[in-house]
Amino acid sequence: MIKGTAASDGIGIGRILLLEETALVYTPHTVDDPAAEVERFRRAVDALVEETTRDAAALRRTAGEKEALIMEGHISLINDPALKGETENLIMGGQCAEAAYETMCDMFIGIFSSMEDEMMRQRAADVRDIKAGLLRILLGVKDVKVSDAPKGTVLLTKELTPSVTAGIKKGNIVGIITETGGKTSHSAILARALEIPAVLSVPNATGILKNDQPVIVDGSAGLVIPDPSFDELAHYTDKRERFLKERAELEKFRGRRTKGADGAEYELVCNIGKPDDAEKVIEFDGEGVGLFRTEFLFMDRSSVPTEEEQFAAYQKAALVLKGKPLIIRTLDIGGDKEIPYMGLEKEENPFMGFRAIRYCLKKKDLFRTQLRAILRASAFGDIKIMFPLITCVEELREAKAIIEDIKKELALLGIPFDRNIDVGIMVETAAAAALADVLAKEAAFFSIGTNDLTGYTMACDRGNANVAYLYSALQPAVLRMIERTIRCGREAGIPVGMCGEAAANAKLIPLLISFGLTEFSVSAPSVLRVRKCISRWSKEEADRVAEKAMTLSTEKEVSEYLESVI
Ligand code: PEP
Ligand code: MG
């Protein structure tokens with residue numbers, strides 16, 4: 001069994017087709033007639049553009065619009081004036097087209113590979129792909145196409161390039177194994193769009209595995225099982241059947257509104273950490289964003305992001321979501337979320353210490369910068385602001401006053417923003433849940449953060465194995481906090497959502513429906529599963545379950561009872 005990166009769900013069972021890289025060998029030489037060589041280069045560029053346009057059309061048919069755009073991105077790269085122009089300059093200096101193009105591509109690959117941003121690093125793979133394509137045309141080497149691969153083929157290649165992917169016939173390729181590429185690489189995106197199980201970044205895969213070798217690809221667990229035994233085959237065939245059945249079942253929920261069995265409607269939105277994740281929300285059919293954890297914008301860098309950088313990030317998410325709701329939570333650092341350059345002092349008890357809204361209210365400049373960026377972005381979508389770790393009304397009032405102040409400033413400057421922007425809070429401390437009746441009068445909405453609420457209610461640190469048994473949202477104490485928060489929100493007429501992990505817990509869903517939760521915010525890949533779970537419950541039936549569950553005394557009883565009814 002070999003471990004790699006789980007990049008596209010599902011089980012593939014078949015025989016390996018090793019896609020060996022075609023040797024693109026040439027001897028660099030000087031040319032006598034540079035003008036004619038430039039012409040030869042331009043003809044090759046035209047041919048590659050034509051070929052790539054055909055590949056994009058093929059991908060549009062097999063994978064979809066977004067995937068075709070990846071290939072169309074290649075066309076822009078091929079036509080990039082800097083890449084083309086500088087190559088032609090080198091040719092005019094006497095180099096042959098192959099050497100000139102390779103030099104320029106390698107330079108771009110070097111630049112892109114060293115960038116921090118995963119998307120930019122992905123560009124390096126794209127340039128490698130077009131370099132190989134152009135050299136192949138210049139050298140007259142025949143392209144290796146996977147379109148002839150027979151049914152039951154597992155593709156094995158160092159790197160799955162979009163141009164190889166374009167040749168894939170969905171019914172024939174049952175799995176993909178590569179040596180490079182992460183979850184967000186184009187290879188992974190394409191594999192997922194084609195619904196082909198894929199395990200990427202398997203070290204030395206093309207060295208260990210052989211052409212025609214029987215193999216199982218577990219794209220959900222990120223495992224490759226060469227020469228499977230009879231038992232393994234039986235186990236994975238069964239797993240594949242279950243997976244396909246479940247996927248077909250879930251697909252029925254794509255593009256539908258989220259409704260209970262009685263037709264009651266709910267909002268099913270997603271938790272994101274980066275603006276690019278908004279695309280995943282669309283891909284997985286989420287109805288918006290219930291929690292944008294902005295602290296991720298502050299991580300993996302050495303200084304605070306500027307107002308412009310933050311504005312660009314929030315605006316991007318809003319534009320991708322095209323009017324779907326986007327709840328942006330202000331900076332939530334401290335506790336388990338450390339950002340070295342922010343100079344947080346070591347504390348005896350960081351979870352009870354100087355964190356989240358407490359930190360922001362003391363670091364007003366930082367807070368104002370973020371709020372200005374969010375308010376400016378609010379002109380581009382349905383943005384709402386949410387404060388983390390609220391424990392008392394004063395914090396909410398002070399934070400709201402800052403927003404009002406910035407609104408005046410923006411209005412004076414004539415900068416557009418949403419004047420009626422909703423400002424809500426996370427209910428994730430025992431104090432906020434206890435005070436929910438009072439807070440509900442001053443917050444536009446609640447979102448229950450069960451990750452922290454469970455810890456603060458049970459006085460238990462989930463990282464501490466000795467007390468981890470207490471950490472469960474199904475603890476009767478936590479259920480009471482949740483029920484109270486939702487009830488207080490309902491009585492005050494404000495919407496109450498949940499963005500903690502518990503929102504996707506099938507056992508908890510009937511209780512949440514019964515208590516009156518209106519918005520579920522979950523990870524994007526959970527959307528269809530949660531929509532299906534919700535569809536099973538009418539309010540009446542959920543009430544019956546909740547009534548019984550709330551009489552039970554222990555977490556174990558609650559858990560077992562809910563298990564028996566779902
Ligand atoms: C929570 O506490 O439930 C929550 C959603 O916030 P985070 O996980 O970011 O602390
Ligand atoms: Mg939290």
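This is a predicted model: local features need pLDDT of at least 70, side-chain atom pairs count only at pLDDT 80 or more; totals for chains, interfaces and linings use all residues.
Reader: Why is Gln213 called buried?

Author: Gln213 has a relative accessibility of 12%, and buried means under 20% relative accessible area (exposed is over 50%, partly exposed in between; 1.4 Å probe, protein chains only). So Gln213 counts as buried.

Reader: Which residues is Gln213 in contact with, leaving aside its neighbours within four places in sequence?

Author: Gly14, Arg15, Ile16, Ile208, Pro226 and Asp227, where contact means heavy atoms within 4.5 Å. A polar atom of the Gln213 side chain also lies 2.8 Å from the backbone nitrogen of Lys210.

Reader: On to Asp129: what makes its link with His74 a polar contact?

Author: The two side chains come to 3.0 Å. A polar contact is a pair of N or O atoms within 3.5 Å; within protein, one must be able to donate a hydrogen and the other to accept it, and residues adjacent in sequence count only if both atoms are side-chain atoms. Asp129 and His74 are 55 residues apart in sequence, yet 8.5 Å apart in space, C-alpha to C-alpha. Asp129 sits in helix 5 (residues 118-139) and, at a relative accessible area of 7%, is buried.

Reader: Why is the pair of Phe292 and Tyr314 given its type?

Author: The ring centres are 5.8 Å apart and the planes 80° apart, which is edge-to-face. Rings of Phe, Tyr and Trp (its six-membered ring) pair if their centres lie within 6.5 Å; planes under 30 degrees apart count as stacked, over 60 as edge-to-face and the rest as tilted. Phe292 belongs to strand 11 (residues 289-293) and Tyr314 to helix 12 (residues 307-321), so this pair links distant parts of the chain, 22 residues apart. Phe292 is buried at 0%, and Tyr314 is buried at 0% too.

Reader: And what makes the pair of Phe354 and Tyr359 tilted?

Author: Their planes stand at 55° with the centres 5.2 Å apart, so the pair is tilted. Phe354 is partly exposed at 31%, whereas Tyr359 is buried at 4%.

Reader: How do you know that the charged end of Arg376 sits over the ring of Phe311?

Author: It lies 4.1 Å from the ring centre. The rule asks for NZ of Lys or CZ of Arg within 6 Å of the ring centre and within 35 degrees of the ring normal. Lys548 sits over the ring of Tyr561 as well, 5.8 Å from its centre.

Reader: Last one: which residues are the protein donors of the magnesium ion (ligand 2)?

Author: Glu428 (OE) and Asp452 (OD), lying 2.1 Å from the ion. Glu428 is in the loop between strand 14 (423-427) and helix 16 (430-434), and Asp452 is in helix 18 (residues 450-458), so the pair ties together parts that are 24 residues apart in sequence. Donors are N, O and S atoms within 2.8 Å of the metal (3.2 Å for Na, K and Ca); water is not among the atoms, so sites may look incomplete. Both Glu428 and Asp452 are buried.

Terms used
Residues are numbered from 1 along each chain as its sequence is written. Chains are lettered from A and ligands numbered from 1 in the order in which they are written. Side-chain values use heavy atoms; hydrogens and water are left out. Helices (H or I, at least four residues) and strands (E, at least two) are DSSP runs, numbered from the N terminus.
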